[in-house]
Amino acid sequence: MNNKIKEEINKIQIPKALHRRSKIGILKAKSELQGNKKRISKMFPYVAMIAIFVILIPLGFSQLNNHLQKDQTKSGRVNNNKVSQSEINKTLQTYLKTEFTGPDDEFKNAMEKFNKDGDPSLYNEYLEKKYKPIVTGNVFKEIVNANLSAYYLSLAYTSGYQMKPTNILIKKSENNGYNCEVEVEYSKNGKTNKVTVKEYININDEGKISRILVDDDGGLVNILR
Amino acid sequence: MISINNLIKKAQTGNDKAFLKIFQRFEKDVYRMAFVYVKNSEDALDVVQEVAYQSFKKISALRQPEKFKSWIFSITIHCAIDLIRKRKNVVNLNTNYEDYMKQGNNDHFAEHIPLSITLQDIINSLKEVEKSVVMLKFYYDYTLKDIAELLDIPIGTVKSVLYRSLEKLRSEYLKGDGMNE
């Protein structure tokens, strides 16, 4: 007698995407937990280095710094490698535009196939086409496994929003890190609004994105849900 | 087979694979519970993802691994209600238990559930707190005492909520075809 309720609740069908969504949530948490640890541990050597420069301050060091800066200005190269600052800026712009533009038809078709048939092939093709050329292998794995970069697009797809980046600001920080601010315009049913998303992105010596941290999404995830 | 306590200990050191193994055991329950609140598959999946995210982030704070299941369900209820709040854009959701506390002594109410109750009745006619109590009691087989602890409300209130919920479900049934049970 008492389990008509159980019977009825058991009628709720379990979608194929369930396990994938659990995994995405867990990997997103993992990515954030690891990012916090790495960011703190990365700072210590630089704090120590700054302390050394402050303590010593010999004329020789400042002359050396001037020499390096002149060299950089001449060639536009960073870290004595083949990547120019303008190439890095282009990579960052491409990444951020992809993250906050759409969802377009290609993305929607890929999502539909994934959700309806449980077939991720079109979705993975989309991610590979958009992100693989500009990120490292490890970051690409996170993009595929934790939905790192297509997260906002997935939410927008589900809730019927369209996004468009209207302004992108990139400021170089220490250790080939870049503070990026993206003004994202989001719209639905004829109504439009904006938020500013702040991300911290690292670039490796080959000019590829080696780490992505979303510092502050301006509440976008809650808006799109 | 590794016990759940061992998996939790591993998860607390940051082992996401261990956590996924535990979470997998409960993800269907989390989904179904979320569905009853949010009433559709996409939102329920969002809730599952959010529960997985929040629970792994906070797992190191779980002091009693044996309470993992209740802990997950508690997070599920909060995430589901949070989502509903955001959808409705309402600041205060009614969690006022005073109405239930005025019900009086409900120790002897009959736990008779109408035979023709449907999922729609549960989803549409019950308030969020009523859904919580009904699901925890009849789907997850929690005792009233455990429900009180999970929801952090007095046991008398749990009884009142349950009584009112069953009355509602009975009257939904009676409205439906006007016949006696």
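Where in chain B is Asp141(B) found? The first point below takes this up.

1. Asp141(B) is found in the loop between α7 (128–139) and α8 (144–151) of chain B. Helices here are DSSP runs of H or I with at least four residues, strands are runs of E with at least two, and both are numbered from the N terminus. Phi of Asp141(B) is near 60°, a positive value in a residue other than glycine. Asp141(B) is partly exposed, at a relative accessible area of 47%. On this scale buried means under 20% relative accessible area, exposed means over 50%, and partly exposed lies in between (1.4 Å probe, protein chains only).

2. A note on the basis. This is a predicted model, in which local features need pLDDT of at least 70 and side-chain atom pairs count only at pLDDT 80 or more, while totals for chains, interfaces and linings use all residues. Residues are numbered from 1 along each chain as its sequence is written, chains are lettered from A and ligands numbered from 1 in the order in which they are written, and side-chain values use heavy atoms, with hydrogens and water left out.

3. Lys39(B) also has a positive phi without being glycine, with a value near 70°. Its place is in the loop between α2 (16–38) and α3 (41–58) of chain B. Lys39(B) is partly exposed, with a relative accessible area of 43%.

4. In chain A, the peptide bond from Gly102(A) to Pro103(A) is cis, with omega near 10°. Pro103(A) sits in the loop between α4 (85–99) and α5 of chain A.

5. Helix α5 (residues 105–117) and helix α8 (residues 151–159) of chain A have axes that come within 11 Å and cross at roughly 80°. The axes are lines fitted to C-alpha atoms over the stretch in contact, and angles run from 0 to 180 degrees between N-to-C directions.

6. On the α5(A) side the contact (heavy atoms within 4.5 Å) is made by Phe107(A), Lys108(A), Met111(A), Glu112(A) and Asn115(A), and on the α8(A) side by Leu153(A), Ser154(A) and Tyr157(A). These residues divide into four nonpolar, two polar and two charged. Nonpolar covers Ala, Val, Leu, Ile, Met, Phe, Trp, Tyr, Cys and Pro, charged covers Asp, Glu, Lys and Arg, and the others, Gly among them, are polar.

7. Over all chains there are 15 aromatic pairs. Rings of Phe, Tyr and Trp (its six-membered ring) pair if their centres lie within 6.5 Å, and planes under 30 degrees apart are stacked, over 60 edge-to-face and the rest tilted. Tyr151(A) and Tyr152(A) form an edge-to-face pair, 5.8 Å centre to centre with 65° between the planes. Tyr151(A) is buried at 8% relative accessible area, and Tyr152(A) is buried at 5%.

8. The ring centres of Tyr161(A) and Tyr186(A) are 5.9 Å apart and the planes stand at 65°, so this pair is edge-to-face. Tyr161(A) lies in the loop between α8 and β1 (162–172) of chain A and Tyr186(A) in strand β2 (residues 177–188) of chain A, so the pair ties together parts 25 residues apart in sequence. Tyr161(A) is buried, with a relative accessible area of 17%, and Tyr186(A) is buried, with 10%.
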